[in-house]
There are 2 protein chains.
Amino acid sequence: MKRLVAVLFVIMLATPAIGYKPLVKKNAFEMKSYTTVGGKTIKKVRVGWETYGSLNASKDNVILICHYFTGNSHAAGKYSFREKNVGYWDSIIGSGKPIDTDKFHIISVDSLVNLSTGNPNVITTGPASINPDSGKPYGMTFPIVTIRDFVNVQKALLDSLGVKKLHAVIGPSMGSLQAYEWASAYPEMVSRLIPVIGAGYTNGNLIAWLNIWASPIMLDKNWRGGDYYNGQPPLRGLTEALKIVTLHSQSWEWSNGVFGRTWANKNKNPLASFSNQYKIEAVLNNVGKARAKSSDANHFLYLVKANQLFLTGHGKSLIEGLHRINSPTLIIHTDEDLIFFPEEVRETAVLISSDSTPVKIVELQGARGHLDGVLSIKQAGAKIKEFLEK
Amino acid sequence: MKRLVAVLFVIMLATPAIGYKPLVKKNAFEMKSYTTVGGKTIKKVRVGWETYGSLNASKDNVILICHYFTGNSHAAGKYSFREKNVGYWDSIIGSGKPIDTDKFHIISVDSLVNLSTGNPNVITTGPASINPDSGKPYGMTFPIVTIRDFVNVQKALLDSLGVKKLHAVIGPSMGSLQAYEWASAYPEMVSRLIPVIGAGYTNGNLIAWLNIWASPIMLDKNWRGGDYYNGQPPLRGLTEALKIVTLHSQSWEWSNGVFGRTWANKNKNPLASFSNQYKIEAVLNNVGKARAKSSDANHFLYLVKANQLFLTGHGKSLIEGLHRINSPTLIIHTDEDLIFFPEEVRETAVLISSDSTPVKIVELQGARGHLDGVLSIKQAGAKIKEFLEK
């Protein structure tokens, strides 16, 4: 019996079965030097990237996926059969799925200043990287980067692959900002645009909230102006920052619906002591701590800055940036979003379409707020498929 | 000429003119000892209180006003003619106004653990107070208090005045929690209930946000477990905490509508440096700093705890607490509220009315979110007047 199981296991590993998905591999793309929108040069830029599906001979079946603030390029599949988790949008990427790997070659790239420097599958360049000139981590001397810089590095990667046209650019949240920027910066390259849970700019309200997200890091005594790579990292501040992101990305229906007023420990009444918490507090603390372990605090600050600076086109006005977009656009969002409010998403749609660029809006339903753009994306699967195949 | 002006000025000071409002005086109420809901005894509890209008002979024309989280008992009028500002609800309290001082005797009381210990017009007892047993500030050894404790101290004040029945209890935000609690704890005393921008309980989502509000204080190295009264107070942490409260209390239409993406300094592009900010960031920093100066960090933490613990009736269930309310109820709220979401406010209304207690809801319109319960209360003036006079 043991032997039979072993044989079956070997066959399973060796033979593509029905629904078989090839394992995902992380690649590294390197640029000897890159000059930012702000005019600073970074030597030796490296970012990770992965692909799903195959590039066709004419290299015109590429769909680019851009990731969210706390995410990375792992959008679909697994790195090994043993892994439990799949990429964040696996529900819509794969053989026969809306973003069909039988037809398309999907490319997903780690952003500059990616948060998850402690994740062995993330390759990025940012303040935690070694500055080749000094042999030490950049810290806060790393140049400020923008969403356009993320896009320009992706563009350099595509150039190196000989890809001249994108069938579509798609991404959730910060990924949608990169998608808007792509279609505005390189309109001739982008055939279709699918921004998910994001607007064409970061408005005053989100600029303020991003400031709130970042503040606990700078309050942490271990942050020391970003110069902590030889000592203790500011884990408490980073934990608090990630708690805010986690809560802000959800709907109140989640935090109240799942946890309500339940105590963290049924024998420890929150009335009795400041250390007795409610369950939602303990859950947020644990999530924040776990996420902080694989994240870098300075990278968080640089991501905040990049997001605050975002205005499609990075020019003088929103309308100017959005009018440069000529790609048919499918905007996916949710009315429960507390990060990009539905009114701004609709404003973005109106502005893009005001010079006759076709724009459609799909609304997600759910109780997870902003996060439904990741968790409930399958709802929009049929619309995405239809849009990609037109 | 100078003399004429001087004479006119003396006449103005001495003679009640049309629309004359008497100056407001702060009183102190003291209890030798008070035992909290949690069973702890506090010696020598003092709270401030003020009144508008006159108590009638039968002492049955009293309207009690309870204040919000960062507020105090100064709900109407001025302490001196020279003052520019009036109390926070002055638009609806006064001679001929919806809460009419010609008819009613309005009493407003500083809460326990009131935030504004540095405001000379606030009298409160909390962690910054001297513990008579040790001769030193309590710090975090002060007993945890609840919204019911705020109510019980107000009740003791009314008892001392011989007031046996309240014409109405009204308050915004944390004031509305006290109002719900009053009507549930002492149903025979409360003839009318007017909760403004608040629900019958603090739900899981708000419990989590209150945790986020409090966190920066405990991150500040000057906090030292609350034992900072001999050293530097944790002003940076308190500033960050007050920034969150300020932003969370507003609608995105305010932060974006008023400030948008304007730079704090038109010569300092936020792209160029981390110290170059957007205007909304600078405004929040300044507001936070200014509010922190007159506030106490430990009092903030105790207020957070009191609010997290809030469930009308402080019993086993929300329905049990709300069913004890028999007072006709007028709930005032706004659909733009991000602290008490409209769905919970409506849930509260449904539960109170489910045993036939009459409940009406008035919706405020505005672009200030939660804060419209303070800034735009005049919109509900006619409804409040009608409700009070029935």
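Chain B superposes on chain A by a rotation of 180° with 0.0 Å of shift along its axis, at an RMSD of 0.0 Å (least squares on the C-alpha atoms of residues with pLDDT of at least 70 in both copies). The two copies are therefore related as by a two-fold rotation axis. The same surface serves both copies, since 100% of the contact residues of chain B recur in chain A.

This is a predicted model, in which local features need pLDDT of at least 70 and side-chain atom pairs count only at pLDDT 80 or more, while totals for chains, interfaces and linings use all residues. Residues are numbered from 1 along each chain as its sequence is written, and chains are lettered from A in the order in which they are written.

Two contacts are described below, where residues are in contact if their C-beta atoms, placed from the backbone, lie within 7 Å. Between the chains, 41 residues of chain B meet 41 residues of chain A. On the chain B side, two or more residues each come from H4 (204–219), H5 (235–248), H6 (252–259), H7 (279–293) and H8 (297–308) of chain B; helices are DSSP runs of H or I, at least four residues, numbered from the N terminus. H4(B) gives the most, with 10 residues.

Within chain A, the domain assignment (automatic or from a database) gives domain 1 (19–201 + 310–389) and domain 2 (208–303). Their centres, taken over C-alpha atoms, are 26 Å apart. The contact joins 25 residues of domain 1 of chain A to 22 residues of domain 2 of chain A.
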